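Here's a quick briefing to read with the structure open.

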Amino acid sequence: MTVRKKPLVVITRKLPDQVETRMRELFDAKLNVDDKPMTQPELVAAMKEADVLVPTITDRIDAALIAQAGEKLKLIANFGNGVDNIDVAAAAKKGIAVTNTPNVLNEDTADMTMALILAVPRRLTEGAELLKSGGKWAGWSPTWMLGRRIWGKRLGIVGMGRIGTAVARRAKAFGLSIHYHNRKRVAPAIEDELEATYWDSLDQMLARMDIISVNCPSTPATFHLLSARRLELMQPRSYLVNTARGDVVDEEALIRLIDEGKLAGAGLDVFEHEPSMNPKLQKLAKANKIVILPHMGSATIEGRIDMGEKVIINIRTFFDGHRPPDRVLPRTV
Ligand SMILES: O=C(O)C(=O)CO
């Protein structure tokens, strides 16, 4: 009987305990129990020794790093849905497969999107912070702390994939009418269920919505998709919510337009150049023009365990000689 050696799996960050326990059982797992982000030399060393690298969305696995991978490295199993941190084409050229963790974070991210859709127009954090800080409240009054009604407004979703659709379902229940722009029109059954209107022209949709929700992935084609010119098409009373990736929106233009009163505000779970934040965003948050969160859309215990299980299934399937369920192929556009 031949005893198969367990693959050496290097994991770049601390994962939920039960995921790490399972990884230890199944693989020769090299964990990062201190959860200190790996330096570039540490990542190079990991790429050289591992059979499988499990990075997260904050590890930049670019072509230069992939070029230094050892012969053994056969799989990069991303702990994350987005793969904008990985040069998938460079990996494919070197014969390294890439997988991600789709689907399991759709509902959590959609919940957070809905929370941000509500938070800015309904002045949620403003009210909460007033009481938390012991600020003076003279009691309920007919004209105090008024926000804007959500029910009956138009929501335009940019990117009607799995997360966008989950957002639409929630938003419909809140009485918003659903509009969307996508590379491809969704199935008629989904349009019917959501009573959704498809906009072939993103520009035209932007000009007519009360709230825009960004739910598309970050790719070279979506970099600054919401450019200054496009953001300027939006109504001054409208809001922008982004729970996708910061670089889909031209952040400087967004800041300027909110500052000038040409947009009513924004709810942002993501921003360009995370984790460092443009100080102008903090200024807008202090002025209660935006609500900004530190990339928490998928941050639930259940979600992170589900993501870990997906990583494990991908690795096991790959080493059983099959195509892993969440294989990511290089983009053709
Ligand atoms: O998995 C991802 O792509 C995330 O952004 C996690 O929130």
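In this predicted model, an N or O atom in the side chain of S298 sits 2.8 Å from an oxygen atom of the ligand. The protein covers 88% of the 230 Å² of accessible area that the ligand has on its own. R245 is one to keep an eye on: it's among the residues around the ligand, and it also forms a salt bridge with D84.

**Around the ligand**

- The residues around the ligand are I57, G80, N81, G82, L105, R245, H295, S298 and M307.
- Sorted by class, that shell comes out as three nonpolar, five polar and one charged residues.
- The side chain of R245 puts an N or O atom 2.7 Å from an oxygen atom of the ligand.
- With G82 it's the backbone that matters here: one of its N or O atoms lies 2.8 Å from a ligand oxygen atom.

**How the chain is divided**

- Domain 1 is made of two stretches, 8-100 + 301-328, while domain 2 runs over 105-292.
- The C-alpha centres of domain 1 and domain 2 are 32 Å apart.
- Six residues from domain 1 and five residues from domain 2 make up the contact.

**Where the domains meet**

- About 450 Å² is buried between domain 1 and domain 2, and carbon and sulfur atoms give 51% of that area.
- In the salt bridge of D84 with R245, the closest N and O atoms are 3.2 Å apart.
- Between domain 1 and domain 2, the count of residue pairs in polar contact is one.
- On the side of domain 1 that touches domain 2, you'll find two nonpolar, three polar and one charged residues.

Technical notes: Residues are numbered from 1 along each chain as its sequence is written. This is a predicted model: local features need pLDDT of at least 70, side-chain atom pairs count only at pLDDT 80 or more; totals for chains, interfaces and linings use all residues. Side-chain values use heavy atoms; hydrogens and water are left out. Domain bounds come from an automatic or database domain assignment. Contact means heavy atoms within 4.5 Å. Buried area is the accessible area (1.4 Å probe) that two parts lose on being put together, summed over both. A salt bridge is a side-chain nitrogen of Lys or Arg within 4 Å of a carboxyl oxygen of Asp or Glu. A polar contact is a pair of N or O atoms within 3.5 Å; within protein, one must be able to donate a hydrogen and the other to accept it, and residues adjacent in sequence count only if both atoms are side-chain atoms. Ala, Val, Leu, Ile, Met, Phe, Trp, Tyr, Cys and Pro count as nonpolar, Asp, Glu, Lys and Arg as charged, and the others, Gly among them, as polar. A residue is near a molecule or strand if one of its heavy atoms lies within 4 Å of it. Accessible areas come from the Shrake-Rupley method with a 1.4 Å probe; for residues, only the protein chains shown count as cover.
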